[in-house]
Amino acid sequence: MKKIVFVLSLLLTTGLAAQAQIFTLGIKGGISSSSVDLKNPKGNFTQFKDDDNITGFHAGVFTRFNILGFMLQPEAVLSSSGGKFNRPDDLGNTTIEEIGFTNLDVPILVGYKLSFLRAYAGPVASVLIDSDSDLDEVKESLNSADWGYQVGAGVDISRFTADVRYERLKRSYTNADNSVDFRNKQVILSIGYKLIGN
């Protein structure tokens, strides 16, 4: 009887260990530096010029599936991003406008892990939750969901992870007289902790 219990315990422990090597679940958070490029402007937007970056924040969860060094990493992250641009008025003066996005980002990353180093890339679906803009007509009219991409690299040290990524998204605004593509780009730095797996 003791041998049976021992064998069952060994099989269970081995199975859990193997599963832990394949599957990882963790939490993450960090900061970003983001800006907005104005592309294909029409109407009033032809006078707008890109200006400066703003600092954003993010927090969320990640999962990772590891098989023979290859990895699939879906995530769900609440993030803030945006940028600044110059807006001339009728008197010839220039004011600095800021636009901010609060998103639910769902990247699906594919990559390779070698020892404690990782490299990856993949698409990201970004659902716009809120837009904070000095231009009231813009924040009410942006698309609610957009696609972009992320590319990056990271390291794993015990249960901790650290990543740096580049992300690019496009959001379009249009009405009867004006239109523009907001190309939101950001460099993302994050730190995570693995709750399950290695």
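**Contacts along the chain**

I began with how far apart in sequence the contacting residues sit. Among contacts with a separation of 6 or more in the protein chain, 67% are between residues 24 or more positions apart. I note here that this is a predicted model.

**Layout**

Next I listed the elements. I find 2 helices and 9 strands in the protein chain. Reading from the N terminus, I get the order α-β-β-β-β-β-β-α-β-β-β.

**Surface and burial**

The protein chain exposes about 11,000 Å², and 64% of that comes from carbon and sulfur atoms. As for burial, 39% of the 198 residues count as buried.

**Nonpolar core**

Which residues make up the largest nonpolar core? I have 8 of them down: Val36, Leu38, Phe85, Ile99, Phe101, Leu128, Val180 and Phe182. The elements that give two or more residues to this core are β1 (23–42), β5 (94–114) and β9 (179–196).

**Salt bridges**

Then I turned to charged pairs. Searching the whole structure, I get 7 salt bridges. I went through three of the pairs, starting with Lys113 and Asp156.

Lys113 forms a salt bridge with Asp156, and their closest N and O atoms are 3.2 Å apart. This pair links distant parts of the chain: Lys113 is in strand β5 and Asp156 in strand β7 (residues 145–157), 43 residues apart. I checked burial for both, and Lys113 and Asp156 are each buried.

My next pair was Arg118 and Asp163, whose side chains meet in a salt bridge at 2.9 Å, N to O. Here too distant parts of the chain are linked, with Arg118 in strand β6 and Asp163 in strand β8 (residues 160–174), 45 residues apart. Is Asp163 buried or exposed? Asp163 counts as buried because its relative accessible area is 10%, and the cut-off for buried is under 20%.

Last I took Lys194, which forms a salt bridge with Asp156, the closest N and O atoms being 3.7 Å apart. The pair links distant parts of the chain, Lys194 in strand β9 with Asp156 in strand β7, 38 residues apart. Lys194 has a relative accessibility of 1%, so I put it down as buried. Asp156 is at 7%, so that one is buried as well.

How many networks do these residues form? Salt bridges that share partners join Arg64, Lys113, Arg118, Asp156, Asp163 and Lys194 into one network.

**A longer look at Arg118**

I went back to Arg118 to see what else is around it. Arg118 lies in strand β6, which covers residues 117–133. Why does Arg118 count as buried? Its relative accessible area is 3%, and buried means under 20%, so Arg118 qualifies.

What does the side chain of Arg118 reach at 3.3 Å? I find the backbone oxygen of Val155 there. Val155 also turns up among the residues in contact with Arg118 once neighbours within four places in sequence are left aside.

How values were computed:
Residues numbered from 1 in each chain as written. Predicted model: local features only at pLDDT ≥ 70, side-chain atom pairs only at ≥ 80, totals over all residues. Heavy atoms only, no water. Helix = DSSP H or I, 4+ residues; strand = E, 2+ residues; numbered from the N terminus. Buried < 20%, exposed > 50% of the residue type's maximum accessible area, 1.4 Å probe, protein only. Polar contact = N/O pair within 3.5 Å; in protein donor to acceptor, adjacent residues only side chain to side chain. Contact = heavy atoms within 4.5 Å. Areas by Shrake-Rupley, 256 points an atom, 1.4 Å probe, with all protein chains shown as cover. Core = buried A, V, L, I, M, F, W, Y, C linked by side-chain atoms within 4.5 Å. Salt bridge = Lys/Arg side-chain N within 4 Å of Asp/Glu carboxyl O.
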